[in-house]
Amino acid sequence: MELRPYQNEALDGTHRALQSADSALGIMATGGGKTTVFSILTDHCTKGIGGFPRGGRVLILVNRRHLLRQTAIEVQAVAGIIPAIEQAEHHAPLNASVVVASVDSICNRLTKYPPNHFALMVIDEAHLMVGQRAQ
């Protein structure tokens, strides 16, 4: 897949940031292809590209039900990985390499995953997560 220059810059910048820090915040305008960029980042994590350990698992958090399906479809189209879903009646298996989850479901089920189970956590629309679920 051919990325636009600003998408390549975002991907490269995220790789650089994660080599020296535990977290990074990427900001892109609406319609800029955030899901495409983090789908490629997801692929890199599972394949051990860009400093990630090979076989790293990825958790992608979304805050809206319709975004969950759209995100899973995009990850499959871009990265060739069929993500497991953690939401409502859908329960992702522990051996899933990529999990797309709603915030409410993962908050209720987080104890199912051991500490450090995921090598990468992507929070889509992170600005909407502040105060989303206080417990």
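In this predicted model, helix α2, spanning residues 34-47, lies across β1 (58-62), β3 and β4. Relative to β1, helix α2 runs at about 155°.

The sheet under discussion is an open one, built from four strands in the order β2-β3-β1-β4, and the pairing is parallel. Strands β2 (84-86) and β4 (120-123) take the edge positions; each has a single partner strand, so one side of each is left without a neighbour in the sheet. On average, neighbouring strands here are turned by 20° against each other, with direction ignored. As a bit of background, strands of a sheet pair through backbone hydrogen bonds, and the arrangement can be parallel or antiparallel.

Back in helix α2, Thr 46 is worth a look. Thr 46 has a relative accessible area of 14%, so it counts as buried, the cut-off being under 20%. A polar atom of the Thr 46 side chain lies 3.0 Å from the backbone oxygen of Asp 43. Setting aside neighbours within four places in sequence, Thr 46 is in contact with Arg 54, Gly 55, Gly 56, Val 58, Ile 81, Ser 97 and Val 98.

Searching the whole structure turns up one aromatic pair. That pair is Tyr 113 with Phe 118, and the geometry is tilted: the ring centres sit 5.0 Å apart and the planes make an angle of 55°. Both partners are tucked away from solvent by the accessibility numbers, since Tyr 113 is buried at 7% relative accessible area and Phe 118 is buried at 17%.

As for the cysteines, the disulfide count comes to zero, going by a sulfur-to-sulfur cut-off of 2.5 Å. A disulfide is, after all, a covalent bond between the sulfur atoms of two cysteines. Cys 45 is buried, with a relative accessible area of 0%, whereas Cys 107 is partly exposed at 33%.

Definitions and conventions
Residues numbered from 1 in each chain as written. Predicted model: local features only at pLDDT ≥ 70, side-chain atom pairs only at ≥ 80, totals over all residues. Heavy atoms only, no water. Buried < 20%, exposed > 50% of the residue type's maximum accessible area, 1.4 Å probe, protein only. Phe/Tyr/Trp six-rings, centres within 6.5 Å; stacked < 30°, edge-to-face > 60°. Pairing = 2+ DSSP bridges. Helix = DSSP H or I, 4+ residues; strand = E, 2+ residues; numbered from the N terminus. Axes fitted to C-alpha atoms, helices over the stretch in contact; angles between N-to-C directions. Contact = heavy atoms within 4.5 Å. Polar contact = N/O pair within 3.5 Å; in protein donor to acceptor, adjacent residues only side chain to side chain.
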